[in-house]
Protein chains: 2
Amino acid sequence: MTLSSAKKMNLQHKDFYSKNDKIYVATDCIIFGFDDGDLKLLIFKRKQEPDAGIWSLIGSFVKLDEDVNNAARRVLEEITGLSELYLEQSKTYGNADRDPGYRCLSVAHYALIRIGDYDKKLVEEHGAYWYTLKDLPTLALDHNKMVSDALAILRRKARYEPIGFELLPEKFTIPQMQKLYEAIYQRELDPRNFRKKLLSHKVLIKLEEKDKSGSKRGAFLYRFDSEKYEELRESGYNFEI
Amino acid sequence: MTLSSAKKMNLQHKDFYSKNDKIYVATDCIIFGFDDGDLKLLIFKRKQEPDAGIWSLIGSFVKLDEDVNNAARRVLEEITGLSELYLEQSKTYGNADRDPGYRCLSVAHYALIRIGDYDKKLVEEHGAYWYTLKDLPTLALDHNKMVSDALAILRRKARYEPIGFELLPEKFTIPQMQKLYEAIYQRELDPRNFRKKLLSHKVLIKLEEKDKSGSKRGAFLYRFDSEKYEELRESGYNFEI
DNA sequence: CCAAAAGTGTTTACACTACACCCATGA
DNA sequence: TCATGGGTGTAGTGTAAACACTTTTGG
């Protein structure tokens, strides 16, 4: 422990637990992005032994004076340059033998980020790469399991909470959103039904502009009305798609 | 670290992470039970300083050579004498200042147990007590938050998985099950609709016997057909109530 | 015989599904 | 002008919700 850590924690007092074991605590981040019709994952080449050079999630040890979720935020900011992003704890991996490097517990977090909305230089400096989920390589340690668990959580969540907006640009079209959901659930959806249900929640603001990147005709852009959504949510409304 | 710990982990090799901080890791158990129409929680008087004597969840430190989920099982068995029970990880609490005793992370687990199905002596020896959820006292550290988080998870889960059976005796009546769901959701349910939906899954076996404790007429007892449920589940069926 | 809980069916509204065609535009 | 994706409406079906009375039996 560093001196500054001790000061921040105000650890003048006794360590009441000193007869027990201490363990390394890490956090690993499952970073989802969406681009080009595909759900992607940001991974990089592990620098730390053991398994250095292997594709891996991005993670870090938790410092003695650091909240676990802040450790995850720190990692994400270091890599992407983004300080405000959607981040949730997913699950904790605590088997004694999960890390051959030493006993180390990992509190996994998953993040949703808009691809292109981050500092590309930072990402490149870290040897990071956006992999399409479908052809993800074998990752270090138990990271593949972390990804599949997080994906299951994402799927469940996407059904009941408007997290899709975290993965699309601020202005997006209905067909884009549909493609996102199709990527998350790996199945096709009916465009009429999808549009109907999405708009039925009345939390989208239709803009004048069109996005012509997807077709000659162009599709109207929308914005998510987060104030209205918060209102609805507080009065017991349940987003569902 | 004890010698036996070192042997079990086979830690002949280098500690690759030695320049990082280590942290105490604990697990705390949110133990739900159901009795007398009420959802209850098993808590006890904390023995460890700080906060010794305060009502608290049951927990323990995780040993260096111990899986986190096994630590939770160990705690539950020590208290209740039950080795086989429904146990799930709920959430990890990792704020730097959450425990004034020292930096300590807690991986919370929740368990569902049938009240009366455990060794009462063991429980009494530990100064434990079944508290009705509604009038739960203030608990040590962040344990009240742990309880409310776990309750939220339980509610979500009860809707889509047949966890009700974990909280009732092996033989139970439909009205008992309804009371359980009413306790979980804190609202009244229509007995006709509830019965219809519950039986529609075809995973209950109606017995000849009646339970007369609840009324003069008596209610038929049922058993959960877990083999059939597993079959259904494997072929993609989704329990929902 | 009566209080108290168990058990039973039907109707209604709403939400989900399936499904096919026209529109706008750039090349 | 045509190829491409955007956008629209409706009928049918199944599921959830609302709702009231009869049955049983111990006291």
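Predicted model: local features only at pLDDT ≥ 70, side-chain atom pairs only at ≥ 80, totals over all residues.
Modeller: At a relative accessibility of 3%, B:V68 is classed as buried (buried means under 20% relative accessible area, exposed over 50%, partly exposed in between, with a 1.4 Å probe and protein chains only). Residues are numbered from 1 along each chain as its sequence is written, with chains lettered from A and ligands numbered from 1 in the order in which they are written.

Biologist: Which residues is B:V68 in contact with, leaving aside its neighbours within four places in sequence?

Modeller: B:V68 sits in helix α2 of chain B, residues 68–80. Helices (H or I, at least four residues) and strands (E, at least two) are DSSP runs, numbered from the N terminus. Contact means heavy atoms within 4.5 Å. With the sequence neighbours set aside, the partners of B:V68 are A:G94, A:R103, A:L105, B:V62, B:V107 and B:H109.

Biologist: How many residue pairs are in polar contact between chain B and chain A?

Modeller: Each chain gives 46 residues to the contact. A polar contact is a pair of N or O atoms within 3.5 Å; within protein, one must be able to donate a hydrogen and the other to accept it, and residues adjacent in sequence count only if both atoms are side-chain atoms. With both residues at pLDDT 80 or more, the number of pairs is 31.

Biologist: Which element gives the largest share of the side of chain B that touches chain A?

Modeller: The elements giving two or more residues to that side are β1 (22–35), α2, β5 (86–93), β6 (104–112) and α4 (143–160) of chain B. The largest share is four residues, and it comes from β1(B).

Biologist: What area is buried between chain B and chain A?

Modeller: Buried area is the accessible area (1.4 Å probe) that two parts lose on being put together, summed over both. Carbon and sulfur atoms give 56% of it here. The total between chain B and chain A is about 4,100 Å².

Biologist: How far apart do the C-alpha centres of domain 1 and domain 2 of chain A lie?

Modeller: Domain bounds come from an automatic or database domain assignment. For chain A it gives domain 1 (21–158) and domain 2 (161–234). Their C-alpha centres are separated by 27 Å.

Biologist: Which residues in domain 1 of chain A lose the most area to domain 2 of chain A?

Modeller: The two domains bury about 1,500 Å² between them, with 64% on carbon and sulfur atoms. In domain 1 of chain A, three residues together make up 42% of what that side buries. They are A:F34, A:R114 and A:A158.

Biologist: Is A:D149 buried or exposed?

Modeller: A:D149 forms a salt bridge with A:K145, their closest N and O atoms being 3.0 Å apart. The two are four residues apart in helix α4 of chain A, about one helical turn. A:K145 is partly exposed, at 45%. At 15% relative accessibility, A:D149 counts as buried.

Biologist: How many residues apart in sequence are the parts that B:D38 and B:K134 tie together?

Modeller: B:D38 and B:K134 form a salt bridge, the closest N and O atoms being 3.6 Å apart. B:D38 lies in strand β2 (residues 38–45) of chain B, and B:K134 in the loop between β7 (128–132) and α4 of chain B. The separation of these parts in sequence is 96 residues.

Note on methods: Heavy atoms only, no water. Salt bridge = Lys/Arg side-chain N within 4 Å of Asp/Glu carboxyl O.
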